[in-house]
Amino acid sequence: MEINKITEIIIGCAIEVHKQLGPGLLESTYEACLYYEISKTSLTIQQQVAMPLVYKEVHLEHGYRLDLLVENCVVVEIKMVEAIADVHVAQTLTYLKLSGAKVGLIINFNVLKLTTGIKRLIPRT
């Protein structure tokens, strides 16, 4: 499936969750509900994916965790913050670089209109 279609489905599911719940809950609540909505689609999804990390001679089996990984190519980072900060963007770009995923979505559920809380990222090559 085309990457734009995948992200479109994910965003649609996130909008449904936000429409039903509104802002103000825990990140883990939005993550669980978004996982549920996406799992009802034809997309494959994994939650709290422990990823390996290699740094020089250091090999960590669980170096970092992805909130959601969709179709093994889209990293979804769930936030519940005042605003998406540069550090959130940097974190997600690092996850994309390390995981090899093609696209990242930062979804901040702490907004009145969800479309203002979504940032789509593509790693630099």
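Predicted model: local features only at pLDDT ≥ 70, side-chain atom pairs only at ≥ 80, totals over all residues.

Visitor: How many residues does helix 3 have, and what distance does it reach from its first C-alpha to its last?

Guide: Helix 3 covers residues 86-99, which makes 14 residues. Its reach is 20 Å, close to the 20 Å expected at 1.5 Å a residue.

Visitor: Which residues of helix 3 are buried?

Guide: They are H88, V89, T92, Y95 and L96. Seen down the axis of helix 3, these buried residues fall within an arc of 125°, so they line one face of the helix. The face turned away from that buried side carries the exposed residues D86, V87 and K97.

Visitor: Against which strands do the buried residues of helix 3 pack?

Guide: They pack against strand 2 (58-70), strand 3 (74-79), strand 4 (103-108) and strand 5 (118-121).

Visitor: How should I read salt bridges within a helix?

Guide: An α-helix has 3.6 residues a turn, so residues three or four places apart point the same way. In helix 1 (residues 3-21), E8 and K5 lie three residues apart, and their side chains meet in a salt bridge at 3.3 Å, N to O. K19 and E16 are also three residues apart in helix 1; the closest N and O atoms of their salt bridge are 3.6 Å apart.

Methods
Residues numbered from 1 in each chain as written. Heavy atoms only, no water. Helix = DSSP H or I, 4+ residues; strand = E, 2+ residues; numbered from the N terminus. Expected span 1.5 Å × (residues − 1). Buried < 20%, exposed > 50% of the residue type's maximum accessible area, 1.4 Å probe, protein only. Arc of directions from axis to C-beta. Contact = heavy atoms within 4.5 Å. Salt bridge = Lys/Arg side-chain N within 4 Å of Asp/Glu carboxyl O.
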